[in-house]
Number of protein chains: 2
Amino acid sequence: MKLFSFFNSSASYRVRIALALKGIDYQTEGINIRAGEQYHAEYLQHNPVGVVPTLIDDSGDAIGQSLAIIDYLDRRFPAPLLLPQEVSLRAQVLEIAFAIACDIHPVNNMRILRYLTDELQVSESQKKSWYAHWVKVGLSAVERLLEQSNSGNYCVGEQVTLADCCLIPQWANALRMGCDLSDYPRCQRIYQHCNTLPAFIAAAPENQPDVIPA
Amino acid sequence: MKLFSFFNSSASYRVRIALALKGIDYQTEGINIRAGEQYHAEYLQHNPVGVVPTLIDDSGDAIGQSLAIIDYLDRRFPAPLLLPQEVSLRAQVLEIAFAIACDIHPVNNMRILRYLTDELQVSESQKKSWYAHWVKVGLSAVERLLEQSNSGNYCVGEQVTLADCCLIPQWANALRMGCDLSDYPRCQRIYQHCNTLPAFIAAAPENQPDVIPA
């Protein structure tokens, strides 16, 4: 399999965690989204939307959208299962995953921040406030969901799920942007624990072949 | 079952379509998000995030996030199945659903538009341009995905899926906001067809008990 990925795209990072957890061999092809490579004609044939990541599976089919890719991987390579079968646990996992993937990530990604700067001419400090505001609203919500799920080392239950695959990249992004994360002890515990696991280490931005040193 | 819903919240609308397709009896409890009712203490007990919709199932458990609710309903009430079991079709359905639910809806919902006005003091015309821009970027992407899936009356295959449950509310929102939708003939065909089906009619904003006349 091949993954079109950008080292610090958090959607790519989610999929890399899932691939590593499942022990799937794959080749990384870096798509530099800062330089606009996601809009090159050759890439758009695989991903007509022009976003990363895209998985090319072992029969050559292309799949976009990180959560669709992880759902696909979970069905083809069920060990370890990232989406529980039991309906109540599954609903908890998905609720947390979507609270991150729908409510936090999309409003703070690169294209939005660029629009704020380029089209709305907001100042650097207004842009930072925007970012910090949606991280705060979003992680406060996730922290409350983790109280409900009675999280420990993982968001739900005693093993990694899709929710952790979403939380760790989001947390890493917020850290990198200098957000105050002291109000989310449940998130922090999960981040610290998961980052000791080989799959999460292998998937981290700094360990990717296409890393661009800061 | 009970659904906490707001008549023209498109996330609520998605779930109403799924409930109607599956013929599930439920009671609607309107949460007026314009008036901030999603932040009332009583509602936050069901939905700690403070968003609509929330489903209270027949054992009294609360589930938030529209796509998590539909996944849950699909497992408990599989007829008609909105998420295909076959891996390739399923990936196509999810890719389209997430292209709407992650890439379009979150950047144009009420809280974002209010932040633009209240915090960034953007003009009414800049706010309209923002809205139209993300609709254009997003629906162009969906239209290209529909070319790949060879859509007809539905996004994928010959029956309603989760992708249609996401597309119709998004399209209705864009229409309501006066966006130019002439460039998306595949989306338009699906919208026109689905709106002839009883479940989509029953789920429409104007047919909800909590409707607020324009």
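1. The model is predicted: local features need pLDDT of at least 70, side-chain atom pairs count only at pLDDT 80 or more, and totals for chains, interfaces and linings use all residues. Residues are numbered from 1 along each chain as its sequence is written, chains are lettered from A and ligands numbered from 1 in the order in which they are written, and side-chain values use heavy atoms, with hydrogens and water left out.

2. Chain A is assigned domain 1 (2-80 + 200-207) and domain 2 (87-197); such bounds come from an automatic or database domain assignment. Taken over C-alpha atoms, the domain centres are 20 Å apart. In contact (heavy atoms within 4.5 Å) are 13 residues of domain 1 and 19 residues of domain 2.

3. The two domains of chain A bury about 1500 Å² between them, with 67% from carbon and sulfur atoms. Buried area here is the accessible area (1.4 Å probe) that two parts lose on being put together, summed over both. Of the area that domain 1 buries against domain 2, A:Arg14, A:Leu67 and A:Phe200 supply 41%, more than any other three residues.

4. Between the chains, 42 residues of chain A are in contact with 42 residues of chain B. The buried area is about 4100 Å², 64% of it on carbon and sulfur atoms. Two salt bridges cross the interface; one joins A:Asp71 and B:Arg90, with the closest N and O atoms 2.7 Å apart.

5. The nonpolar core is a set of buried Ala, Val, Leu, Ile, Met, Phe, Trp, Tyr and Cys residues joined through side-chain atoms within 4.5 Å, where buried means under 20% relative accessible area, exposed over 50% and partly exposed in between (1.4 Å probe, protein chains only). In the largest core, of 138 residues, A:Trp130 and B:Trp130 touch the most other members. Leaving aside residues up to four places away in sequence, A:Trp130 touches residues including A:Val107, A:Ile112, B:Tyr115 and B:Trp130.

Conventions:
Salt bridge = Lys/Arg side-chain N within 4 Å of Asp/Glu carboxyl O.
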